[in-house]
Amino acid sequence: MKMKKIASIILAAVMAVAPAVNVMAEDSTGEVLSVATNFEVKTLVPWAASEENAFLVNNQAQEGLFRMDADNKPQPALCDTYEVSDDKLTYTFHLRDGIQWSNGDPVKASDFVFAWLKQMSSDATNGYSFIMTDYIVNGAEYNEGTVEADQVGVKAVDDSTLEVQLKNPTPYFLSLTTMIMFFPVNEAFYNEMGDQYALSPENMVYCGPYVITEYDPAVGVTLKANESYWDAENVKIQDAQVRVMKDATAALNAYQAGQLSQVDLDSVNVAANQDSPEFNRQTDFRTSYIQFNLTDEVMGNVNIRKAISLAIDRQTLTDMVLADGSAPGFGLVADGMSGSEDKTFRELNGDVSPFDAEQAKEYWAKGVEELGSEPSEITLLVADDSVSKSVATYIQSELDKNLGVTMVIDTKTVQGRGELMDANNYQFGLTAWGADYDDAMTYLDLWTNGTPYRGNYNDDTYNSLISDAKTQTDDETRLNDMLEAEKKLVEEDAVVAPVYHRGSATLTKANVKNLISHPIGVPMEFKYAYFE
């Protein structure tokens, strides 16, 4: 999930690591599909949620106008048909007949309007308002409080017709509607619940394949098939879970004991299992990176930042430490993402974050000279999952070996790490971002808002490049804007240091079929899965 966002740490600074599936012992309802995440599911409120686990859970219990298929293409979901105007600026969506919430209320076009306005308003705390305000007419003005709701380009023509007006042609707009921020919210039910909405299962209603029966942020969620879902007959698995399991070793032990049907492998276990018929490896459109705090006295120095980035041997990290299908982070935009007709974005822009120990030493010396003295130590803020801690330990050794600098690792829960970064209380942090759609912009416009979480970066040239790319009608010019923007952000200003693009190595039992993982947007689909 993924348009941006989802700050996650290793595996997304705000995002979670790829799920693992667990088949529980049979009970009266049969087998249970259980997915493990290594981060807390800290909130399910759509305009507060930014982590991958929240996307994972909400995608099973709710639904939008469209849902991703096995080929990562948006297919009609709550929407049955739609039309697009000749100028590609007006979308008219027609809702399916008879769709309803789990409490029996009809799903109305006004429920979409209510939820979208919430996401575009100052009530949204997930950092995702831009995913609408950048595209929808008067969305930004509504967020700023300069226009009223009835002037925003999203309207319920009637109970089953939703009209959306865009600022510019957006070829990936339908893909955006598969994300949880675009899901409807039952306005009448929300008004009954008030600030208790989505804090517990009884304070939610559902329009997706499943309903939530239990929810504990630190433990996970339990789901059962939604009898009111419009496509219920095609939901084969009746019971499912999302479990919080931070320890990768415990998960592997559970797999070996027959309790899990799919498990993520750490580097220690990849070599021993890669010849197994149960083994699979894949790379996601998700980049883990170091975010520097530009207001910090040390990290505010561009030469110090360049030195740290150049001092990290990313190839050895992915080959020897992670060994899970992850790829070296030689740029912010993930490998394989679209660029021109014949080359990917990464192929076009090359390595903007290479490893060069000698050049790193030169930049470090320049930075120390400009600071007036060498820092006695620097502190990297990371999440408390095993992968993040392994990556942080590797970075620590690289900076010691190549720069002679002492790095302290400050480990916090995902929520704690995020709160410290939001509060501007960090030097540099390990975080991540998963692509929400297959376009470089899903990464690049994150650094236009100048927030502490993005290092307080606010550069007129960079902002101009992103603004032009968003309004540009010439594809080649738009692409060149984005190529130049990545170079400025990563290579010239060294605001972030990409580390790796997440991969996963898994073992999967033969009885779980069609459990679809997406490299963009929401991470996984339960709807299509079945037991053989």
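Biologist: Why is arginine 478 called buried?

Modeller: In this predicted model, arginine 478 has a relative accessible area of 15%, and because buried means under 20%, the residue is classed as buried. Arginine 478 lies in helix α17, which spans residues 475-492.

Biologist: What makes Tyr172 and Asp439 count as residues that arginine 478 touches?

Modeller: Contact means heavy atoms within 4.5 Å, and, leaving aside residues up to four places away in sequence, arginine 478 touches Tyr172, Asp439, Met441, Ala469 and Gln472.

Biologist: Which residues lie nearest the centre of the largest pocket, and how many line it?

Modeller: The lining holds 38 residues, and Pro171, Tyr172, Asp438, Asp439 and Arg478 lie nearest the centre, in a pocket with a volume of about 920 Å³. Helix α17 gives the largest share of that lining, 5 residues, while α16 (460-471) and α17 each supply at least two. By class, the lining divides into 15 nonpolar, 11 polar and 12 charged residues.

Biologist: How do you know that strand β7 pairs with strand β9?

Modeller: Two strands pair if there are at least two bridges between them, and 5 bridges join β7 (residues 90-95) to β9 (residues 161-165), so these antiparallel strands are a pair. Histidine 94 stands opposite threonine 161 in β9.

Biologist: What makes β6 and β8 the edge strands?

Modeller: The open sheet of 4 strands has the order β6-β7-β9-β8, with antiparallel pairing, and β6 (79-84) and β8 (154-158) each pair on one side only. From one strand to the next, the twist averages 20°. Helix α2 (residues 109-120) lies across β7, β8 and β9, running at about 170° to β8.

Terms used. Residues numbered from 1 in each chain as written. Predicted model: local features only at pLDDT ≥ 70, side-chain atom pairs only at ≥ 80, totals over all residues. Heavy atoms only, no water. Buried < 20%, exposed > 50% of the residue type's maximum accessible area, 1.4 Å probe, protein only. Axes fitted to C-alpha atoms, helices over the stretch in contact; angles between N-to-C directions. 1 Å grid on protein atoms, 1.4 Å probe; cavity = no way out; pocket = protein on both sides within 12 Å on 5 of 7 lines; lining within 4 Å. Points joined across faces, edges and corners; volume = space filled by probe spheres on them. Nonpolar A, V, L, I, M, F, W, Y, C, P; charged D, E, K, R; others polar.
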